[in-house]
Amino acid sequence: MVISQATPYLLKGLMNEATTTGFQRQTQKRQQNPQQCINGLMTTGVSFMVVPNDTKGNCTVPQMVVLDQGLYPYTGTGNVRGTCPLMTAVHTWEKTVVQPAAARHLRSPVAKIWEMGTYSCRNIAGTNKRSEHSKGNAIDIGGFHLKNGQKVTVLKDWGKNTPEGRFLRDVYQGSCRVFNGVLSPNYNAAHRDHLHLDVGGWRTCD
Ligand SMILES: [Zn+2]
């Protein structure tokens, strides 16, 4: 009997399917009904703007939500924007993943989140496939600035058996319960310095 090399991947796929959370199932509904998504986001206390179609470079995103203020301020590219389902996921992630993980592992709360990019009309690096960033579905997280001035970064702290390393591990695992696609330094060298979080159709936690 020949056992296909694809078997582990199939099992992994089945496991992911089995652990799909209610929030992830709701993401699909939010994608199908943008106005309902906006109404939902308004009830969260997140401050945001909805901007008209962005059609630059053949990347048409029907509706773009620009984050003004969530639970945390953001530092980085200075432009946190994407689809409403992405911004809804980001808000849930801040509240149910980042905040509790910081309380569990770090001596100081998170003051700012360092993002390395959200919407960008581009392909996946090294391929001719459109990235989830080009659909407004993804955000890259480089690390966290704490209230005491300390910086926790994926590049420096990932994989370490330290409070900062354990904090990042919990953020990563929690991200997989909120976002559909999560890529970490475990995935490939292109992700050695950030967590890629997206609400695209590809379910993965790598
Ligand atoms: Zn990314």
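**Ground rules.** This is a predicted model, where local features need pLDDT of at least 70 and side-chain atom pairs count only at pLDDT 80 or more, while totals for chains, interfaces and linings use all residues. I number residues from 1 along each chain as its sequence is written.

**Whole chain.** I found 6 helices and 10 strands in the chain. These are DSSP runs numbered from the N terminus: helices are H or I with at least four residues, strands are E with at least two. I then looked at contacts (C-beta atoms, placed from the backbone, within 7 Å). Of the contacts with a separation of 6 or more, 57% are between residues 24 or more positions apart.

**The sheet.** I traced an open sheet of 3 strands, antiparallel in its pairing, with the order S1-S2-S4. Its edge strands are S1 (47-51) and S4 (81-82), each of which pairs on one side only. Pairing here needs at least two DSSP bridges between the two strands. S1 and S2 (residues 64-69) are antiparallel over 5 bridges. I checked two partners there: Val 51 is opposite Met 64 of S2, and Ser 47 has Gln 69 of S2 as its bridge partner. S2 and S4 also run antiparallel, joined by 2 bridges. On that side, Val 66 is opposite Arg 81 of S4.

**H4 on the sheet.** Helix H4 (residues 84-105) lies across S1, S2 and S4, at about 30° to S2. For such angles, axes are lines fitted to C-alpha atoms (for helices over the stretch in contact), and angles run from 0 to 180 degrees between N-to-C directions.

**H2 against H4.** Helix H2 (residues 22-32) packs on H4 at about 150°, with the axes 9 Å apart. H2 passes H4 in a right-handed crossing; the near helix is turned clockwise from the far one by less than a right angle if right-handed, anticlockwise if left-handed. On the H2 side I listed Phe 23, Thr 27, Arg 30 and Gln 31, which meet Cys 84, Pro 85, Thr 88, Ala 89 and Thr 92 of H4. By class that contact has 4 nonpolar, 4 polar and 1 charged. Ala, Val, Leu, Ile, Met, Phe, Trp, Tyr, Cys and Pro count as nonpolar, Asp, Glu, Lys and Arg as charged, and the others, Gly among them, as polar.

**H3 against H4.** H3 and H4 pack at about 30° with their axes 9 Å apart, which makes H3 roughly parallel to H4. Their crossing is left-handed. H3 brings Pro 34, Cys 37, Ile 38, Gly 40 and Leu 41 to the contact, and H4 brings Cys 84, Pro 85, Met 87 and Thr 88. This H3 contact with H4 has 7 nonpolar, 2 polar and no charged residues.

**Met 42.** I ended in helix H3 (residues 34-42), where Met 42 sits. Is Met 42 buried or exposed? It is exposed, because 11 other C-beta atoms lie within 10 Å. I also noted that Met 42 and Thr 88 are 46 residues apart in sequence but 9.8 Å apart in space, C-alpha to C-alpha.

Definitions and conventions. A residue is buried if 20 or more other C-beta atoms lie within 10 Å of its own, exposed if 12 or fewer, and partly exposed in between; C-beta atoms are placed from the backbone. Two residues are in contact if their C-beta atoms, placed from the backbone, lie within 7 Å. Angles under 35 degrees count as roughly parallel, over 145 as roughly antiparallel, 65 to 115 as roughly perpendicular and the rest as oblique.
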